[in-house]
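Dear colleague,

Please find the structure below, handed over for your files.

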Amino acid sequence: MAINCSSNALLDTLNAKKEALNAKVAELQSLGAAAMADLQAKADEMKDALLSMMPEIPVIPNFKKELEELKGKVGAELAEAKAAFKERWGDALPDVDVNGATINLN
């Protein structure tokens, strides 16, 4: 009976088990990647839903800035700017005289 040193039945069985294990790990990795993509999609949906519920932040008018902007204007541009300023701030600050460029806060 001849002994074949290059072939070991126990090693072949072990290698077959190792290949089966590697195949199972690859399968789990594939499933894990798909599950992760699904999880990411659900998280994005939740984020979009939360962002859609948030109210828009209002723009707060800046009285001082708008008053300062009147300084560089002349003629018709100044007249239009004064009218817009009065329309925007007239009711809130009736003591502001834009025509005389004086401000009375008493």
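Helices here are DSSP runs of H or I with at least four residues, strands are runs of E with at least two, and both are numbered from the N terminus. This is a predicted model, in which local features need pLDDT of at least 70 and side-chain atom pairs count only at pLDDT 80 or more, while totals for chains, interfaces and linings use all residues. Residues are numbered from 1 along each chain as its sequence is written, and side-chain values use heavy atoms, with hydrogens and water left out.

The protein has three helices and two strands, arranged along the sequence as α-α-α-β-β. It exposes about 9,400 Å², of which carbon and sulfur atoms supply 61%; accessible areas come from the Shrake-Rupley method with a 1.4 Å probe, and for residues only the protein chains shown count as cover. Of its 106 residues, 7% count as buried, where buried means under 20% relative accessible area, exposed over 50%, and partly exposed in between.

Helix α1 covers residues 9–53 and includes E45; L50 also lies in helix α1. One salt bridge is counted, the term meaning a side-chain nitrogen of Lys or Arg within 4 Å of a carboxyl oxygen of Asp or Glu. It joins the side chains of K24 and E27, at 3.8 Å from N to O. These two residues are three apart in helix α1, and therefore separated by about one helical turn. K24 is partly exposed, at 42% relative accessible area, and E27 is likewise partly exposed, at 40%.

Two surface patches deserve mention. Patches consist of residues with over 30% relative accessible area and no salt bridge, with like charges joined within 9 Å and nonpolar side chains (Val, Leu, Ile, Met, Phe, Trp, Tyr) within 5 Å. D38, D44, E45 and D48 make up a patch of negative charge; Lys and Arg count as positive and Asp and Glu as negative, with His and the chain ends not counted, and each charge is placed at NZ of Lys, CZ of Arg, CG of Asp or CD of Glu. A nonpolar patch is formed by M46, L50 and M53, which together have about 370 Å² of accessible area.

Finally, W89 belongs to helix α3, residues 75–89, and counts as buried at 13% relative accessibility. Leaving aside residues up to four places away in sequence, W89 touches P61, N62, F63 and E66, contact meaning heavy atoms within 4.5 Å. W89 and P61 are 28 residues apart in sequence, and their C-alpha atoms are 9.8 Å apart in space.

Yours sincerely

Note on methods: Buried < 20%, exposed > 50% of the residue type's maximum accessible area, 1.4 Å probe, protein only.
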